[in-house]
Amino acid sequence: MKILQGEGTPRRIAEVTRIQQFCSAHRLHSPHLTDKQNEILFGKCNHRHGHGHNYKVEVTLRGPIDHKTGLLVNDSDLHGWIQGAVMDPLDRKNIDTDVDWFKSNCSTVENIAIYIWGQLKAVMRDDSGLLSAVKLWETDDHFTVYRGEEPQ
């Protein structure tokens, strides 16, 4: 992946965000807790048959604008990365059974955002640091933002 930047021109920094919706089913059930602990912690979201959401993901890139093209990133590239990192593995899927990563990680909105971040970094081959944030909406009033932070 190329960072588009001009020579001899002050580097202007911008953020570009693309929004995509996908539908997935899951069950909030941590493999690190007992069945009773899961039931108490997650309530009806721990139902053994699971439930579904119409998720909305906002992928934000941040970096220098190319002075020749006026672009931070080509939108078709960003669309393709989201297709490979989000839509292909998650849309119309049962996250817990269809995505290996969630066999050992509880499919909370926080963990799904972390998973999407990792998938995006892989498909973008992002060693440039352009990926700035993944904002994942589980419902109209519940979302998380992950910026790639790791514990110290």
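Start with the sheet: it is open and has five strands, ordered β3-β1-β2-β4-β5, with mixed pairing. Strands here are DSSP E runs of at least two residues, helices are H or I runs of at least four, and both are numbered from the N terminus; two strands pair if DSSP finds at least two bridges between them. Colour β3 (93–94) and β5 (142–146) to see the edge strands, each pairing on one side only.

This is a predicted model, in which local features need pLDDT of at least 70, side-chain atom pairs count only at pLDDT 80 or more, and totals for chains, interfaces and linings use all residues. Residues are numbered from 1 along each chain as its sequence is written, and side-chain values use heavy atoms, with hydrogens and water left out.

Next, select residues 13–26 (β1) and 51–64 (β2): these strands run antiparallel and are joined by 14 bridges. Click on Gln20 and look across to β2, where Val57 is its bridge partner.

Now show helix α4, residues 109–124, which packs on the sheet and touches β1, β2, β4 (131–139) and β5. Contact means heavy atoms within 4.5 Å. Which residues of α4 are buried? They are Val109, Asn111, Ile112, Ala113, Tyr115, Ile116, Trp117, Leu120 and Met124, where buried means under 20% relative accessible area (1.4 Å probe, protein chains only). These buried residues pack against β1, β2, α2, α3 (95–98), β4 and β5.

Note on methods
Axes are lines fitted to C-alpha atoms, for helices over the stretch in contact, and angles run from 0 to 180 degrees between N-to-C directions. Buried means under 20% relative accessible area, exposed over 50%, partly exposed in between (1.4 Å probe, protein chains only).
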